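Take a look at the model below.

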Amino acid sequence: MAARTGSRMMRRKQLPDQAFRLATGFGAATIPAVVAAVGAMLTAGATTALLRWGPTFLWRSQWDAVHGEFGAWSALVGTLVSAFLALALAIPLALGVAVFLTELAPRWLAGPASLAVELMAAVPSIIYGMWGLFVLAPFLSEHAQPLLQRTLGWLPFFQGAPTGIGMFTAALVLALMVVPYIAAIARDLFTMVPPQVKEAAMGLGATRWEVVRAVVLPHTRIGLVGAVILGLGRALGETMAVTFVIGNSHRLSPSLFAASGTIASTLANEFTEATDELHLSALMALGLVLFAMTFAILALGRLLVGRTSAQGGGA
Amino acid sequence: MTQIATRLASDPRAQRARVRRVLLNRAMMVAAAAALILAVATLCWVLGTLIARGGGALSWRLLTELPNPPGIPGGGLAHAIAGTLLLTGAALCLGVPTGIAAGIWLAEFGQGSRIAYAVRFLADVLMGVPSIVIGVFVYGLLVAPLGSFSGLAGAVALALLMLPIVTRTTEEMLRAVPVTLREAALACGCPPWIMILRVSVRAALPGILTGVLLAIARVGGETAPLLFTSLNTPYWSFDPLAPIGTLNVTLFNYAMSPYRDWQQLAWAAALCITLAVLALTIAARTLRRKRP
């Protein structure tokens, strides 16, 4: 009897604990719920388009709202080309920034320089877009693009009028936005290389560059691949900056100077204007493609970066 | 040993190799410095443009008046500033408590369990899901069923963007609280939930606040998820079920418009948004620095 009252008292005492545990658990449950709901909602919204075209939706290149013909190919290619071009430009720059911050910068400079990189990451995407449209695009069309056409104009990539609006500018703006992101993770990774190993290499007479190449980069290799993949994830889904400068066209062109489009820019442009069900469903299907792509890439990147970037990723 | 050294020093081939290595090192280090200079120069270029073009339009009118129709100079963005503040505030009320609860669960209850690992992982992934996808999701969740673009939908979209950021920072900060503090509280007979709220969370509070500030900064600059949730309007709007004007979407619409006056307002909006976001980022950074 006494034991029973005791256990009942215990239980009554534990009640607030259980309630608290349940309440916080509810908070935690929202996260998987949201991820699952996003997937389910996009799939449901895309049903009409997916039933109509099935997997061929992915590689159909028509996108014609008037005749109700939709395919993801041009937006998909635009997304991938812009993201990979941006990465190609951003990786060397970001590594350079990270090497400078960790190996070269005197102490008085390292703090402010790090701050600048963080602020660069914090500037909203739409600001880069507006700057890209009103400042960078005219600059490129007057200086950089004519220069490229004079020197490399025989390549199919640099054909057409250098208007400044198109894939070329979009990739450049994206690169600028991805640089601080990759650089911040790379900097954190570089500072975790044990100093003894670096000092050992220096003791053998290695120059700074040789230390970076032979010790720092191999030591952080996996994390760096993860950082690049996270950067890719960001570049694939970037919306506003790209929408401003890419020209928003569904025509595929080998020339980087031509107007193009990405999945995100198509969504931003057409979603509010889509009146018929098929168009809306096709846009939802595009969203689903983007979600699936970024989900896979981010999952891979997170697995590779591990816990090292939990803080850097939020900025 | 010395013989080898002298022979190396006198061997012209070895010397050439050394010169090449030193030169390569110089070149690479100069390249690294150039990369940083390029990055900082871009930042300055962007900020300089904003100040040069938006600074002139900053005025009292910007904060108090509604925008004029195109062709009539002047006008302000009072409704959009209010809208942005309202939406961000509503998103805070939805996203921060949920995020903090999730962070507490991960750090205090879930810890190393498999479910906690999965939640943590999904939070990290959710952090990187393109914000426009969140916009599409909320459109399907709230706008289509309710039949109207609404401020509520915009706030939910922003809250979903805040959620993983707040969750992960809260968890990280709670984990940094020493175990001895918790044990001391428990040993005094304190029930676990009071221990968590009054010892762990209190100790981690500055860090959690950092996460909240970062989340506001991130959300304050977001436009993509608002395009088809809260839409936009050039008037005052306080109805949560009606479209609401925000600085970001107004900026997008006006910058893309052919009217000079509207573009001028867009630059002013751009300057306001950037200043607010950068100030929040710097505040979060200083708070993080203070953490013991």
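Two residues count as in contact when their C-beta atoms, placed from the backbone, lie within 7 Å. Keep that cut-off in mind for what follows. The model is predicted.

Start with chain B. Domain 1 covers 2–57 and domain 2 covers 63–290. Their C-alpha centres lie 39 Å apart. How many residues of domain 1 of chain B are in contact with domain 2 of chain B? Six are, and they meet seven residues of domain 2 of chain B. On the domain 1 side of chain B, the residues touching domain 2 of chain B are three nonpolar, two polar and one charged.

Now turn to the contact between the chains. Chain A supplies 73 residues and chain B supplies 75 residues. Which element gives the most to the side of chain A that touches chain B? Helix α1 of chain A does, spanning residues 2–53 and giving 20 residues. By class, this side of chain A holds 49 nonpolar, 17 polar and seven charged residues.

Finish with helix α5 of chain A, residues 167–191. This helix has 25 residues. From first C-alpha to last, α5(A) reaches 36 Å, close to the 36 Å expected at 1.5 Å a residue. Where does α5(A) kink? The kink lies at A:V178 and is about 30°.

Conventions: Residues are numbered from 1 along each chain as its sequence is written. Chains are lettered from A and ligands numbered from 1 in the order in which they are written. This is a predicted model: local features need pLDDT of at least 70, side-chain atom pairs count only at pLDDT 80 or more; totals for chains, interfaces and linings use all residues. Helices (H or I, at least four residues) and strands (E, at least two) are DSSP runs, numbered from the N terminus. Ala, Val, Leu, Ile, Met, Phe, Trp, Tyr, Cys and Pro count as nonpolar, Asp, Glu, Lys and Arg as charged, and the others, Gly among them, as polar. Domain bounds come from an automatic or database domain assignment. The expected span of a helix is 1.5 Å times one less than its number of residues. The bend at a residue is the angle between axes fitted to the seven residues ending there and the seven starting there.
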